[in-house]
Amino acid sequence: MVSDDANAIYVVRTSSVVPAAVTGETAVHELTNLDLSMKLHYLHVVYYFDKEAAEELDVPIFMKPMFTWLDTYCSAAGRVRTLEGRRPFIKCNDAGVRILEAKCSKSLEEWLEVKDHSLHKQVVYNQVIDSNIRFSPLVFLQFTFFKCGGLSIGLSWAHLLGDAVTASLFINMWGQILAGKPRIQSQYLPRTQIGKADKPTKKPLSAKQIPVKDRWIVDNESKMETLSFNITDTQLTQLQSKISGQFSTFETISALFWKCLAQIRGERQPKLITICRNDALAKGPGMLSNKQIISTAEADFDIPGAQLSELAKLIAEGIEDESKEIEAMMETENGLADVLLYGANLTFVDLVDADFHGLEIKGKKPVYVSFDLAGVGDEGAVFVHSLHKKLEQETGARVVTVILPENRVLQLRNELKGEWNIN
């Protein structure tokens, strides 16, 4: 059991990595309206590797391929600018990606045996773009070396750069270059222009404007807590057997969690939900982008008393993309609006296409991957993602990461364990 966890991690050194080639002071990456609608959110992914993978490696070795890597993703090494009368943009000034080197007084085994998601937050930088916006890095990488020789790599990623699929492609490419594999053939050039959004035809139900101060982060009314569940193949098969009709794994799991959270909340059951799916057709290799299909589903009946198939059907049919409405809402304020998406309603996010286990060190996959997202609103969010194939066979078919007000987390755990035997 890990004790005095708060003092187990200490940062040794901080540095920055810049692109190998000078991008140029005039290079600018224009942010789309959808990018800017995500500015209050930050992805945190932690990759844990055992001693065999990390042996004889150090931060200088990890940094060496980053110069070439950032040639492809030079926008990630830039900084946001907010000039008077102009929508925010990224100035590709090669200010760099921030690197933190840390040590842990515990072994990796001791660290992971404690089933407390808050521990993972200690090995990834808690990034917020604030009043020092000109100097705020968009990407942080924290390398934490454990007493036993194990290693964690914590990626902190400003969501305005791109969605979770984009972030996973970004970090996985670094791993490929580290392994000596050729990087993407053509350099990704900064986005120099964006099209104007159409005039809004209706107000989107999936996003809402909120007031923020000089920090680009949600100011929650409740303390938010993160919890993860493994759903095994056996549990998934049993769950699907209780649903009449053909529904995807994401739709099935989302229906279950929607029902359980409605039971917890009683009269304040969430009848309107937001659904986010990856838009694979809209992406290109090397491209930094937020390309999601964002839709809503609404129940006009009592959710705790509903069949799972009724809820899964609503989720499956919630395919009308509200992205254009969100972009139009941002366009009316020249991209300056402060918009909350994850957690504006109870939000379900399909991350099956985000390859969180694609990062390899010396040909080895991580032994564990932790996912979190800062900036989720008080209605909460549920993220459904997959494991790599080997782990799927050993431990489960899907991981569900839930971010909720802390008073609902224990209730959800009890609800899932009592009726569905999901821990």
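Q: Is Lys-365 buried, exposed or partly exposed?
A: This is a predicted model, so the figure here is computed from it. Lys-365 has a relative accessible area of 33%. Buried would need under 20% and exposed over 50%, so Lys-365 counts as partly exposed.

Q: Which residue forms a salt bridge with Lys-365?
A: Look for a carboxyl oxygen close to the lysine nitrogen. The closest N and O atoms of the pair are 3.4 Å apart, and a salt bridge requires them to be within 4 Å.

Q: How many residues apart in sequence are the parts tied together by Glu-110 and Lys-147?
A: The side chains of these two residues meet in a salt bridge, with 3.9 Å from N to O. Glu-110 sits in helix α5 (residues 108-113), while Lys-147 sits in the loop between β7 (139-145) and β8 (151-158). The pair therefore ties together parts whose separation in sequence is 37 residues.

Q: Are Arg-277 and Glu-251 buried or exposed?
A: The two side chains meet in a salt bridge at 3.6 Å, N to O. Arg-277 is in strand β11 (residues 272-278) and Glu-251 is in helix α8 (residues 249-265), so the pair ties together parts 26 residues apart in sequence. The relative accessible area is 14% for Arg-277 and 12% for Glu-251. With the cut-off at under 20%, Arg-277 and Glu-251 are buried.

Q: Which strands stand at the edges of the open sheet?
A: The sheet has 6 strands in the order β1-β6-β7-β8-β3-β15, with mixed pairing. An edge strand has a single partner, so one side of it is left without a neighbour in the sheet. The edge strands are β1 (9-17) and β15 (368-374).

Q: Which residue in β8 stands opposite Val-139?
A: Strands of a sheet pair through backbone hydrogen bonds, either parallel or antiparallel. In this sheet, β7 and β8 pair in the antiparallel sense over 7 bridges. Opposite Val-139 stands Trp-157.

Q: What angle does the direction of α6 make with that of β8?
A: Helix α6 packs on the sheet, touching β3 (42-49), β7 and β8. Angles between directions run from 0 to 180 degrees. For α6 and β8, the angle is about 135 degrees.

Notes. Residues numbered from 1 in each chain as written. Predicted model: local features only at pLDDT ≥ 70, side-chain atom pairs only at ≥ 80, totals over all residues. Heavy atoms only, no water. Helix = DSSP H or I, 4+ residues; strand = E, 2+ residues; numbered from the N terminus. Buried < 20%, exposed > 50% of the residue type's maximum accessible area, 1.4 Å probe, protein only. Pairing = 2+ DSSP bridges. Contact = heavy atoms within 4.5 Å.
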